[in-house]
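Here is a short briefing on one protein model. Look at the fold first, then read the points below.

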Amino acid sequence: MSEKKELYTLAAQQLTEFMKGKITRKTPERFEILRVVCQISGIFSIDELQEEMEKKATFKVSRVTLFNTLKLLEEAKLVIKHCLSRAALYECCVTPHPMICLVCEQCGKIRKLESSKIENWLSEQKCKQFVITQPVLYFHGLCRSCMVKNSIKNRKTKTKTKIQKK
Ligand SMILES: [Zn+2]
């Protein structure tokens, strides 16, 4: 079995377990969305998930179903919702593990930072009267492409003011 398939099997078990005794129905759409979510590596938006669904899903799902299922997967702790940029971003996370995210304040993109040193530190953290279920650390700043864009913009305005001065 491939890694992604194994991840889906585990996630599907957890979702079935989560839905036991709940009013929510165990629809095939939900499991199909979960299957596609498990295949995406990294952070994704609802638009990107819709694109992936069109490519990989065996049947069509409405945007409302996508939205509601993401909410359900979030409650089932199978997906993390990053509410930092203009639009909400999601990430498949079947087994909780520490993560470090770099958030660009200009374009809103989130990139992952791999650092075993910080990850280890994160997993060791304990709080009084608070149980940490998912340690996530966010760094806010500027991404490389936005930095390049800004420097080009700055150069253009500088040359403009120079021309105006002459
Ligand atoms: Zn950026």
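K81 stands opposite Y90 in strand 3. Strand 2 and strand 3 (residues 89–92) pair in the antiparallel sense over four bridges. Strands pair if DSSP finds at least two bridges between them; strands (E, at least two residues) and helices (H or I, at least four) are DSSP runs, numbered from the N terminus.

This is a predicted model, in which local features need pLDDT of at least 70, side-chain atom pairs count only at pLDDT 80 or more, and totals for chains, interfaces and linings use all residues. Residues are numbered from 1 along each chain as its sequence is written, and side-chain values use heavy atoms, with hydrogens and water left out.

**V94**
- V94 is in the loop between strand 3 and strand 4 (99–104).
- V94 is buried, at 5% relative accessible area. Buried means under 20%, exposed over 50%, and partly exposed in between (1.4 Å probe, protein chains only).
- Beyond its neighbours within four places in sequence, V94 is in contact with L7, L10, A11, Q14, K77 and L78. Contact means heavy atoms within 4.5 Å.
- V94 and Y8 are 86 residues apart along the chain, yet their C-alpha atoms are separated by 8.8 Å.

**Strand 4 and its partners**
- Five of the six residues of strand 4 are buried.
- Strand 4 pairs with strand 6 (residues 136–141) in the parallel sense over six bridges. There, V103 has H140 as its bridge partner.
- Strand 4 pairs with strand 5 (residues 110–112) in the antiparallel sense over three bridges. There, L102 has R111 as its bridge partner.
- Strand 4 and strand 5 form a hairpin with five residues between them, and G108 in the turn has a positive phi of about 80°.

**Domains**
- The chain is divided into domain 1 (1–95) and domain 2 (98–166); the bounds come from an automatic or database domain assignment.
- Nine residues of domain 1 are in contact with 13 residues of domain 2.
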